[in-house]
Amino acid sequence: MRNTRAFKEAVAETLAQLAHRRVTVRPGTVADTIEQNIRAVAAQLGIQERSAWRYFDPAGLAASIAQQRQAAETGSAPGQVGRAPMPPVDNPELALILGGVPDALEESGGDLYSVIVNVAVNAWMAGHIHGEDGCTGCQDKRPTGTDWQARMDTITAMQPDITKWFNREVWTAALNDTGYGVTRS
């Protein structure tokens, strides 16, 4: 589907409509949304995907995306749109995850995908342990079991200077010490 002229034109027109509304969205996100919409319409109507294009409206999609963006902005505190809520700065598990990024980047040879997966898995586990203290599936899988406070105590012992990883300059210096950095090209 993505290699068709109709698809490429739909992405370009939707991006143009978004630009007209002064809304910036990554082209890949627009492409994914269009693909999902076309497939959903085809499945719902029981028609082929190429026939579903007659129901596609780039201006309507752009308006919908702009409306969703506006709703998110008005429903959030200024400067917080698109940001996850920040846990307390003294959260030891978050400090461990942040502090592990430079090491993971160095150990993986600069494989950013591997680092992101590592961070995501650790963040998921942190939430799982915190929210599922009685989870039988986690029983005996960690040295501290499923006791969240015991886990926090163990991590605190592993990473005594918790607050340093919440300092952007310290984290960036640790990242640069690995020989890697993040630049936009």
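This is a predicted model: local features need pLDDT of at least 70, side-chain atom pairs count only at pLDDT 80 or more; totals for chains, interfaces and linings use all residues.
**Stop one: helix 1 and helix 4**

Angles under 35 degrees would count as roughly parallel, and 65 to 115 as roughly perpendicular. Look along the crossing of helix 1 and helix 4: its hand is right-handed.

Now show side chains. On helix 1, pick Glu13, Thr14, Gln17 and Leu18. On helix 4, pick Pro58, Ala59, Leu61, Ala62, Ile65 and Ala66. These residues make the contact. Colour them by class: seven are nonpolar, two polar and one charged.

**Stop two: helix 5 and helix 8**

Clear the selection. Take residues 92–107 for helix 5 and residues 168–177 for helix 8. Their axes come within 8 Å and cross at roughly 15°. Angles under 35 degrees count as roughly parallel, and helix 5 and helix 8 are therefore roughly parallel to each other. Check the hand here too: helix 5 passes helix 8 in a right-handed crossing.

Which residues of helix 5 and helix 8 meet? From helix 5, select Leu98, Val101, Pro102 and Leu105. Across from them, in helix 8, select Trp171, Ala174 and Leu175. Colour by class again. The contact of helix 5 with helix 8 has seven nonpolar residues, no polar and no charged.

**Last view**

Key: Residues are numbered from 1 along each chain as its sequence is written. Side-chain values use heavy atoms; hydrogens and water are left out. A crossing is left-handed if the near helix is turned anticlockwise from the far one by less than a right angle, and right-handed if clockwise. Helices (H or I, at least four residues) and strands (E, at least two) are DSSP runs, numbered from the N terminus. Contact means heavy atoms within 4.5 Å. Ala, Val, Leu, Ile, Met, Phe, Trp, Tyr, Cys and Pro count as nonpolar, Asp, Glu, Lys and Arg as charged, and the others, Gly among them, as polar. Axes are lines fitted to C-alpha atoms, for helices over the stretch in contact, and angles run from 0 to 180 degrees between N-to-C directions. Angles under 35 degrees count as roughly parallel, over 145 as roughly antiparallel, 65 to 115 as roughly perpendicular and the rest as oblique.
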